[in-house]
Amino acid sequence: MVCESLVRSRTFKKLFYVMIILFVRIYPVFMDQGEDIPHNEVRNWALKFGVDLWQYGKLLTRMNELQRKYHDENIKVARKDGLILIRDMAKEVQNMMSFKIEAVRRITESAEQAALTPQTDNGQPFRYYNAKRLNSFGPDGRPAEGTREMTLTPNPHFDHLPVNTSLSTVLIPPNVEDYDAEVTNAIQWSEHLDPLFIHNYEDDPSLSWQFFGSSTGFLRRYPGIAWPPEDMSTVWQRPRNSRNVYDFRSSAWYVSAATSPKDIVILIDNSGSMSGHKSNLARATTESILNTLGDNDFVNVYKFSDITEETVPCFKDMLVQANNENVRWLKESLATFKSENIANFTAALVTGFEILHKYNRTGQGCQCNQAIMLITDGPPSSYKEIFKTYNFPHHPVRIFTYLVGKDSSSVHEMHWMACANKGYYTRIENFDEINEKVLHYIEVLARPMVMYQTDHPIQWTPAYVGGRVSAILINKLKSKLGFQADSFLNDKVGQLMTTVTTPVFDRRNHTVRVANLQGVVGTDVSIDQIKKLVPPYKLGVNGYSFIINNNGHVLYHPDLRPLQSNELYEDTLEPQYISVDLTEVELVENENGPRENHSVLLDLRFEMIQQKEGETELAVKIHYDNVRRVTTRRHKYFYTPIEGTPFSLGLAIPEHYGMFELLAEQEIKHSQRNVTDYFKGNNWKVHPDWVYCEYTSGTSGEQWFRTAEERVLHFLSRSRRPGWKWMSLRPRSPSQREHHHQTTKKDKDAYFCDKNLVQSLVLDAMVTEELERHNTRTEDTQQGHQIFGLTLTFVATRSGLLRWTDHVSPGEKPPQPHFSETNVKAMDETWYKRAVDQHSIEPESFVFSVPFDSNLQENPLITATHAVFVEHNDHRVPAAVVGLQYQHSKLASLFQNITSKCAETCHKTCASDKLDCYVLDNNGFVIISEKTEHTGQFFGQIDGTIMDSLVQDRIYKRITVYDYQGACTNSKSHYSADGYKVKPFDPIKSFFKYLLKFLILLMAKIQVAYGTAIAYAQDEGDPIEIIYSDYDTNFEYPNGEDVMGEQDPIIPPPYTNTPSFVPPYESDPMEGVDMGQFGVRPCDRKVDLYVLQPDKLNVSGQSDPLKGKLTNCHVTACERPFSVQKIPYSNLILLVVDTLCPCGSKQFSIAPQELIYDTGNGGCLHKPKDSLYRRRPPKCINYHPEESEINICGKASTTAVSIASLIIISVMHYILALLS
């Protein structure tokens, strides 16, 4: 028994020792996995880091003192009445637009009178100011031949370009010749418009470019300018032929003024005879027609051979609005043409009539002009029965025919179709004549309006990106005049513009009945000028305004991001219009999917299009920083019409704080101190785009203030003079003067001052200036610089004032570029907006941010901002935002010092390699990391697995943003699975095709020789003009021998493996080129962005760490714990992640991705917007009872040729098409 017990004892001891050894061996691993993360220490680290930053920031910004200073003043907080506010703003916008309309109408009257004046011919060559022949000198310094001298002076009002405000100049497109008698006559009489241009500009100094676009093709523009308009250094030597103006007669501003809206059906012959050159002519003609259409027009393009079908499948059985998107899709569809089979003209014409009649009967489309554009190389008949059935006797649909190619055998049929249906016949043989000949249809559609003579409809174009200030010129002006950064000296990519136009009629008596359009007059309107009349300070922070037109398209909106640049406008003056809908910029918070619009938003859009007044509420998504950040907010919307225009004005104001305004002003006249004393030093700026005061006269208004601050000081000094008046009411337009009893006498020293804004600015300056004088102790700032890396403190106020103090060590230079150079727009800056939004989440907190490219910067800075609210009668409103800038390296060192220590014993800290520690902001971007290259990056790109877990745990909320103004690169593949396959009879087919081509070439050569011989044997006959005075439907169709014409000499062969065939005629710019493969294209995109949900980290008032753990993320079945702690007094969280378990990390990208829609909508990869409501323009002038007396409908010419040749070549064409 003793032995047994001894054995048991020894065995127990051995087991005990083995257990101890195993425990010692396993304990470290157990501790690593068991302890996970020191969660209590994580909470302590976050608490200390947050409290230190808050206390120090609170001390340095003196936010409490600033708040107390405001309360010491006589301030009030009043509720805004949104409807009263928007009515006043709409009246101001209407007044400004009335000035432009009146100016345009005066030009119209003057132009129609000037055209009636006979022009004298003194036998001398007529000289005029040609913009391309100004101030050109030869090597000897003498004026070059044909040039004229004109004094040109840079003018800030006209993009700082050198202009002459006493004269206009003429710009002529390349296809217009100034020696043409009609062109010369119009240039001559239009010179009489110069005095009126000058008068208009003096009457309204905010007026931009005025112009007269002649129907003969030239553009007279005021003020006078050389072309191209380079900077001053080269104005005397620049080349004159580098850039040409475009033919404006196809632009929306011209066409919309010249014609009423139109429904257009384009029928393109796609049969076997329409191959090669003729097919490309047809496509180019179609594009030219599409280029003349605008948002008020509707269109579709059909290709026909044996069947008729839409070129865009998802536009089936419909006409689509001719907006940018739809026109682009139609143009791209032209590249898919493949000529084949025989043309069925009957089916094509019936299709065109049926769709137009359907739209006319059902109230769809424009309900005005309707037309069919037939593009073909010739029909075999005139199809009179179809026109009798669908279009006689009232001709509701006009027919415009375009005969392409050199074959003239179908001239009479094409000519009859057009002339018998109130249209126009055109023959097109070359690419360079297409645009000019397409313009004939505009002249015809303009006839009813011209014949009435009385009504001159006013038209407003959509927005477009116009001219900009030359960067070269700005740099030279700054270096020469010492200019500081100012809004009008910023190098702008372009500014939004719109144009108001009206037609000019020919009132002259002619020997035959005509109805000619003399042209179109108009003026450009800067949208910045419109926005000035809707002052942002009255809307408050995060409030904004917008304008939409009768189509629901925005004229301006803070989220309008035009894809178009202004390069084309700068080079040619051709505007690229923007058709972005309201539903594409107002992003509803709880939308079901892309382009699934919310009913409340659609109701808002409907009411605004209908030009009604009202208000509504809507929760929306707001994105910042180039669609990297997002927030949600509930807005109150107010809207009202702008009378006399197609526009409606809307206001969006945040709920709660946005519905109240701070009324706090310092009465300048009663101020004991000179108010300019509050603006001493050079450490302050004002909002460069806000109008505090400005001169409004044409002379004083052009004086240059080097900075916005200089302008403010100038007017503050004037306000101290005796007799000062605020002049807070802008000049009234003639239609409103009687209501305001204003004199029309012009004061060369006239000015406008916004009394409320200026006196609010003075009070803000007074409050912040006192803080500046009693600045923080030097030892505090020095200590802050050493510990926190403080470089700057600043305050920005609701009146647009920015005041800052640099906190750098002696001899140390402030960071470049300085904060004040890039952050001068106060409440329009993102950091200001985010600070105010943060106040509703955590009133006592700073919003921290770093640049997204911090990893590329040598010494990045961290910006922290806090909104200062003031209270009156239990209502709180933001008065200012205070902020600091820290050196990122110093703040990161402070963070590392804090997180490398434990209050109690712990085995892991952020200093060890067992933990990774991150400071993330409320949108998931890295503020601080152990790896500096992570700074500014989205955390999901660093560790997508953890980020996904944070989203799953609802610490971050995923918000999907649909970007309907995206730009996608073109990456079209030219390869497919259906490659070239060799078939048994291909060699035989190739031989016969080659033989046929040779015979066609031979026949064509013989025919050309035959025609030449006839030309030498007899006089060439004049073109035959066939006049259908009564549209006789019993017209006898001539027999074939009478109408034979020459054929295309060569048909380019289809693709083979042999080298490309080069035809002997002109090169084709569209042949084989897919223009969509270059550059970028508009597209819809989707991006998932993230917002912190701080309530998830603050349960029952306790801010404890949220403990998480990744499991099953590695083959070893290890676990990866992490801890998340809210950093108090900030928009930050502390994320601590265990590194021992090597979990795989997936990528979480916030890069926008293109949306590819379901192809169930007819094969389209987009969603058409045509189902959205629109309102038609108020006037439609498409009929005049005497129009039938006008017998001009195009010229038809024929040449007698051999019928046998035509038959043989036609048969060969048909056989070749079958073989193809």
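1. T791 sits in strand β29, residues 790–797. The model is predicted, and all points below concern that model. T791 is buried, at a relative accessible area of 3%. That value is under the 20% cut-off for buried. Leaving aside residues up to four places away in sequence, T791 touches T805, D806, H807, V808, P815, L861, Q885, Y886 and Q887.

2. S565 lies in the loop between β20 (554–556) and α19. Its relative accessibility is 30%, so S565 counts as partly exposed. With residues up to four places away in sequence not counted, S565 touches V465 and Q576. The C-alpha atoms of S565 and G494 are separated by 7.2 Å. Along the chain, S565 and G494 are 71 residues apart.

3. Cavities come next. The structure holds 8 of 30 Å³ or more. The second largest cavity contains about 150 Å³ of space. Its lining is made up of 14 residues. Nearest the centre of this cavity lie L219, Y246, W253, Y569 and L573.

4. Which elements each supply at least two residues of the lining of the second largest cavity? They are β6 (219–222) and α19 (567–572). By class, the lining of the second largest cavity has 10 nonpolar residues, 2 polar and 2 charged.

5. Helix α9 covers residues 324–333. Of its 10 residues, 7 are buried, so α9 is largely enclosed by the rest of the structure. The buried residues are E325, N326, V327, R328, W329, L330 and S333. What do the buried residues of α9 pack against? The partners are helix α8 (276–291) and the strands β9 (298–304), β11 (320–321) and β37 (1080–1092).

6. Helix α2 (residues 39–61) packs with helix α27 (residues 888–899) at an angle of about 145°. Their axes are 9 Å apart. The crossing of α2 past α27 is right-handed.

7. The residues behind that packing can be named. On the α2 side they are W45, K48, F49, D52 and L53. These meet L891, L894, F895, I898 and T899 in α27. By class, the residues of this contact divide into 7 nonpolar, 1 polar and 2 charged. An α-helix has 3.6 residues a turn, so residues three or four places apart point the same way. In α2, W45, K48 and D52 are among the contact residues. In α27, L891, L894 and I898 are among them.

Methods: Residues are numbered from 1 along each chain as its sequence is written. This is a predicted model: local features need pLDDT of at least 70, side-chain atom pairs count only at pLDDT 80 or more; totals for chains, interfaces and linings use all residues. Side-chain values use heavy atoms; hydrogens and water are left out. On a 1 Å grid over the protein atoms alone, a cavity is a set of points where a 1.4 Å probe fits but cannot get out, and a pocket is an open set with protein on both sides within 12 Å along at least five of seven lines; lining residues have an atom within 4 Å of a point. Grid points are joined across faces, edges and corners, and a volume is the space filled by probe spheres set on the points. Helices (H or I, at least four residues) and strands (E, at least two) are DSSP runs, numbered from the N terminus. Ala, Val, Leu, Ile, Met, Phe, Trp, Tyr, Cys and Pro count as nonpolar, Asp, Glu, Lys and Arg as charged, and the others, Gly among them, as polar. Axes are lines fitted to C-alpha atoms, for helices over the stretch in contact, and angles run from 0 to 180 degrees between N-to-C directions. A crossing is left-handed if the near helix is turned anticlockwise from the far one by less than a right angle, and right-handed if clockwise. Contact means heavy atoms within 4.5 Å. Buried means under 20% relative accessible area, exposed over 50%, partly exposed in between (1.4 Å probe, protein chains only).
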